[in-house]
Each structure stands twice: as C-alpha cells, then as structure tokens.
Amino acid sequence: GNSVTQMEGPVTLSEEAFLTINCTYTATGYPSLFWYVQYPGEGLQLLLKATKADDKGSNKGFEATYRKETTSFHLEKGSVQVSDSAVYFCALAAGTALIFGKGTTLSVSS
Amino acid sequence: NAGVTQTPKFRILKIGQSMTLQCTQDMNHNYMYWYRQDPGMGLKLIYYSVGAGITDKGEVPNGYNVSRSTTEDFPLRLELAAPSQTSVYFCASSARGKLDTEAFFGQGTRLTVV
C-alpha cells in the first residue's frame, strides 16, 4: 500500500545550521509529494510540493527534490531560523486523499 | 478570506456522550476531509467527501459519522465518545481530489474524552 516514512525527531539545531529531514515513500505509480508545516497551535500549511520525478519544490528557503530512483523527497534548508521551529510532515497524494508521515519536530535555538 | 473554519477549538466530553465537530469552507472546494492527529502518529484519515451528498470512509472511520448536505459544510459526528477518541481533529478541503493542488486545513479541534 501507500505509505510515507520520515525521520524520527525531535531535531534540535542552532540558528543558521543546515537542516535535512529525510522522507521516503512507497506508492504505486507516480504520486505528487508534499511537505506541510504545522506551527504551534495551528493547522497544517503547505510548505512545498513536487508533482513529478526530478521536480524541485521550494519555498521560504526550503527545498525538496522528487527522487523516483530512491523514492525519496528529503527536505533541506541551508540556514535555519528560530521561526522555523515547527512540526514538518511529508505527504503523498494517493487517490483522493493525502497520506502523511508521522511528523518531525524541529526546534531551533538562538 | 476565512478558508476552513472549525468549531469548537476545545471540548471535553464524558464517556458515552455525543457531539458534532463543525467544519465549513468558503473556497467552493468539492473535496473535504477529516483527519485525526495523535502524538507521534501523524494524521489519519477518518472520512472524506468528493462533493455534496457523497461521503466515504478513510483509514479510521469506526466511531464516527459524517454528512455533506452542502458544498460548504462537512460535520463530523461522534455518537458514543470513548477515551480512544481523545485526539486533535483537523478538517481540510481541496479544489480537486488529485491533490496536486494545495489542501487547506482548519486550526483543529482538541477533544478530550474522560
């Protein structure tokens, strides 16, 4: 079946550090892939997406590349800020719904 | 632009009580969803709807019911609350079901069953 696996958290970084959050998926066909972010006390917001292999999604300094050969969609940011502290969810579109990973909590300190 | 609005934001229920979680969207989206979020478990799909009058079960539908009488509203009903239903519930909508477009989420309802 369809599933998403992302690295366990929490991830704790200092400001301006490099961030990688790993995400791999299992799916039939070529699903669209997403990263959603959840700030404390809020709902999820779309951070970026990629709809086909080798596409790179980017937003607010975050990037992720759709790698069909490794079934991965890792999230990266070159220099994190305190305001990036949140829970990050990798997701894939399967049929009529989104399948989410378990989420990775990122905590950035100054 | 309100987007997806959920009410209430917080609720405490006693075991066996019933309640309805309200969800409304003003974006004229056909597709609507209910998810529950448990710590360390990500989001699980409860029910979804592809349009007014059409609903279908997701991954964890037991103990819940939904209806979709209008495009805007998608209420979630808990008939006999159980402690296992303690969770944060999110409603979401999207323009079409392929979901290569963005899904919009409400701010969530935190439900505690005691």
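Predicted model: local features only at pLDDT ≥ 70, side-chain atom pairs only at ≥ 80, totals over all residues.
## The largest nonpolar core

Let's start inside chain A. The largest nonpolar core has 26 residues, and those that touch the most other members are Leu19(A), Trp35(A), Leu47(A), Leu48(A), Phe73(A), Leu75(A) and Tyr88(A). Several strands of chain A each bring at least two residues to this core, among them E2 (11–14), E3 (19–21), E4 (23–26) and E5 (33–38). The largest share, four residues, comes from E10(A).

Beyond its neighbours within four places in sequence, Leu47(A) is in contact with Trp35(A), Tyr36(A), Val37(A), Asn59(A), Lys60(A), Phe62(A), Leu75(A) and Tyr88(A).

## A second core

There is also a second, separate core, made of 21 residues.

## Where chain A meets chain B

Now for the interface. On the chain A side, 20 residues are in contact with 22 residues of chain B. The two chains bury about 1,600 Å² between them, and 58% of that area lies on carbon and sulfur atoms. Four residue pairs are in polar contact across the interface of chain A and chain B, while the count of salt bridges there is zero.

Which strands of chain A each supply at least two residues of the side that touches chain B? They are E5, E6, E10 and E11 (97–100). Sorted by class, this side of chain A has nine nonpolar, eight polar and three charged residues.

## A buried lysine

Lys77(A) deserves a look of its own. This residue sits in strand E9 (residues 75–77) of chain A. Is Lys77(A) buried or exposed? Its relative accessible area is 9%, and because the cut-off for buried is under 20%, Lys77(A) counts as buried.

What does Lys77(A) touch, not counting residues up to four places away in sequence? The list is Ala17(A), Phe18(A), Leu19(A), Lys60(A), Gly61(A), Phe62(A) and Asp84(A). With Asp84(A), the contact includes a polar one between the two side chains, at 2.7 Å. Lys77(A) and Glu16(A) are 61 residues apart along the chain, yet their C-alpha atoms are separated by 9.4 Å.

Definitions and conventions. Residues numbered from 1 in each chain as written. Chains lettered and ligands numbered in written order. Heavy atoms only, no water. Core = buried A, V, L, I, M, F, W, Y, C linked by side-chain atoms within 4.5 Å. Buried < 20%, exposed > 50% of the residue type's maximum accessible area, 1.4 Å probe, protein only. Contact = heavy atoms within 4.5 Å. Buried area = accessible area lost by both parts, 1.4 Å probe. Salt bridge = Lys/Arg side-chain N within 4 Å of Asp/Glu carboxyl O. Polar contact = N/O pair within 3.5 Å; in protein donor to acceptor, adjacent residues only side chain to side chain. Nonpolar A, V, L, I, M, F, W, Y, C, P; charged D, E, K, R; others polar.
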